[in-house]
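User: Please take a close look at one part of this model and describe it step by step. I would like to know what sits there and what it touches.

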Amino acid sequence: MRETGHLRELEEAMALAEALRPVLHRLYRQLRREIDDPSISPLQALLLVAILRQPGIGVAELARLEKLRGPTISGHIKAMEREGLVTRSAPDPEDRRRSGLIATDKGRALIQGIKRRRTDWLAFELAKLSPEARAAIRAAIGPLEEIGQ
C-alpha cells in the first residue's frame with residue numbers, strides 16, 4: 001500500500017512539474033526582457049551580479065561558478081572593463097598572475113537599475129491579480145525556495 005502511495009505522489013509531482021516548468025520559463029524570459037539595456041548582455045549582467053556577490057573573485061573562479069569556459073568569461077570581462085563596469089584588484093601577493101574582479105559604482109548602479117525595472121514590472125503584473133491569487137503566490141514562495149536550494 002505504501003509503495004502505491006509513493007507512486008501516486010511521484011505521478012502528481014511529475015504532472016505539477018510539467019505544468020510549472022513552462023510557466024517559470026515564460027516568467028524568466030519576461031524578466032530577462034526587462035533588462036532593456038543595450039550596454040550589457042544578459043550573460044554580462046549575470047557575471048556582474050556574481051562579482052557583486054563575491055568581490056575579488058578571480059576569472060577562473062567565476063568561470064567555475066557559472067559553469068562556463070575561461071576564454072568565454074575573459075572576453076566578457078574585458079568588455080565589461082572597457083565599459084567601466086568592473087575593475088581588477090591589485091594582484092594577489094601569493095599568486096601575482098591572479099587579480100580579483102571588483103564591480104565599479106557604474107556596474108553597481110546598472111545592476112540596481114535592472115533589478116528595479118524587473119521588480120517594478122513584476123509588482124505591476126502582481127497588482128493585476130486578485131488578492132487570492134497573490135496570496136497563493138505568496139504561499140508558494142517558501143516551497144519554491146526549497147526547490148531552488
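Analyst: Leaving aside residues up to four places away in sequence, Gln 44 touches Ser 39, His 76, Ala 79 and Met 80. The model is a predicted one. Gln 44 belongs to helix α2. Is Gln 44 buried or exposed? Its relative accessibility is 11%, and buried means under 20%, so Gln 44 counts as buried.

Helix α2 covers residues 42-53, and it packs against helix α3, which covers residues 59-66. The angle between the two helices is about 115°, and their axes are 11 Å apart. The crossing of α2 and α3 is right-handed. Which residues make this contact? From α2 come Leu 46, Leu 47, Ala 50 and Ile 51. From α3 come Leu 62, Leu 65 and Glu 66. Sorted by class, the contact of α2 with α3 has six nonpolar residues, one charged residue and no polar ones.

Next comes the loop between α3 and α4, where Lys 67 is placed. Helix α4 spans residues 70-82. The phi angle of Lys 67 is near 55°, which is a positive value in a residue other than glycine. Lys 67 has a relative accessibility of 74%, and exposed means over 50%, so Lys 67 counts as exposed.

Methods:
Residues numbered from 1 in each chain as written. Predicted model: local features only at pLDDT ≥ 70, side-chain atom pairs only at ≥ 80, totals over all residues. Heavy atoms only, no water. Axes fitted to C-alpha atoms, helices over the stretch in contact; angles between N-to-C directions. Helix = DSSP H or I, 4+ residues; strand = E, 2+ residues; numbered from the N terminus. Left-handed = near helix turned anticlockwise from the far one by under 90°. Contact = heavy atoms within 4.5 Å. Nonpolar A, V, L, I, M, F, W, Y, C, P; charged D, E, K, R; others polar. Buried < 20%, exposed > 50% of the residue type's maximum accessible area, 1.4 Å probe, protein only.
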